[in-house]
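Have the structure open while you read.

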Amino acid sequence: MLDTGQLIICEHCDSVYHKVTLGKHQKAVCVRCGAVLQRYNGLTLQQRLALSITAGVVWILANFYPVMSISLQGFSNSATLWDSVRALASGPITFIALVAAISIIIAPMFQLLILIWVLLFALAGQRSPGFRFCMRWLETLRPWSMLEVCLLGALVAVFKLAGMLDVLPGIGLLALGALSLLIIRVAGRDVRELWDTLP
Ligand SMILES: [Zn+2]
């Protein structure tokens, strides 16, 4: 039987290729449609686990510290990510609050929890309980995790409001920036390499 573990399919045009080992700064590109098939990622299991745990700590900072504080004529107010979701929930479009909560809080949290769970076992050279389920969920959650969109929104708000009020970016905003970068690094498409590392 054909060993399908050695093949890679272009997600954009369904062409099938043999996987290659990439060197630093290299990427494999589909000859038919030009999409990127594989990108070099020098992370070892230990490094990926360490960065995932760091991201977990940063997630806590991003959620419990204010993203920004505003003050006007002596009155000041600060808001965390949860406050923003709660404010949306009490507005006219409650549904958006749910989408926001999933994409900026819940999806990144589950991505990190699943990653840490899978990687802890991977370090011992074995598949975690529910490995296949976890790996499928990592793929499912990725498009839902939209921290960078939230970060962009928060930055736009900071600049827009800065003209009218005293706006102070908070620890939460810095943490949000760091978290978006970390999640892109540890939970990108290349986590699928774990299928090959743990046959
Ligand atoms: Zn293609």
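## Helix packing

Helix H1 (residues 45–64) packs against helix H3 (residues 94–123) at an angle of about 150°, and their axes are 9 Å apart. Angles over 145 degrees count as roughly antiparallel, so that is how H1 and H3 run relative to each other. H1 goes past H3 in a left-handed crossing, meaning the near helix is turned anticlockwise from the far one by less than a right angle.

On the H1 side, the contact (heavy atoms within 4.5 Å) includes Leu45, Leu49, Ile53 and Trp59, while H3 brings in residues including Ile105, Met109, Leu112 and Ile116. Sorted by type, the residues of this H1–H3 contact come out as 15 nonpolar, 4 polar and 1 charged.

## Ile104

Ile104 sits in helix H3. Its relative accessibility is 9%, so Ile104 counts as buried (the cut-off is under 20% relative accessible area, with a 1.4 Å probe and protein chains only). Leaving out residues up to four places away in sequence, Ile104 touches Leu81, Val85, Met146, Leu147 and Cys150. From Ile104 to Phe133 it's 29 residues in sequence and 22 Å in space, C-alpha to C-alpha.

## Domains and model notes

The chain splits into domain 1 (1–40) and domain 2 (43–197), with bounds from an automatic or database domain assignment. The C-alpha centres of domain 1 and domain 2 are 29 Å apart.

This is a predicted model: local features need pLDDT of at least 70, side-chain atom pairs count only at pLDDT 80 or more, and totals for chains, interfaces and linings use all residues. Residues are numbered from 1 along each chain as its sequence is written, and side-chain values use heavy atoms, with hydrogens and water left out.

Definitions and conventions: Axes fitted to C-alpha atoms, helices over the stretch in contact; angles between N-to-C directions. Helix = DSSP H or I, 4+ residues; strand = E, 2+ residues; numbered from the N terminus. Parallel < 35°, antiparallel > 145°, perpendicular 65-115°, else oblique. Nonpolar A, V, L, I, M, F, W, Y, C, P; charged D, E, K, R; others polar. Buried < 20%, exposed > 50% of the residue type's maximum accessible area, 1.4 Å probe, protein only.
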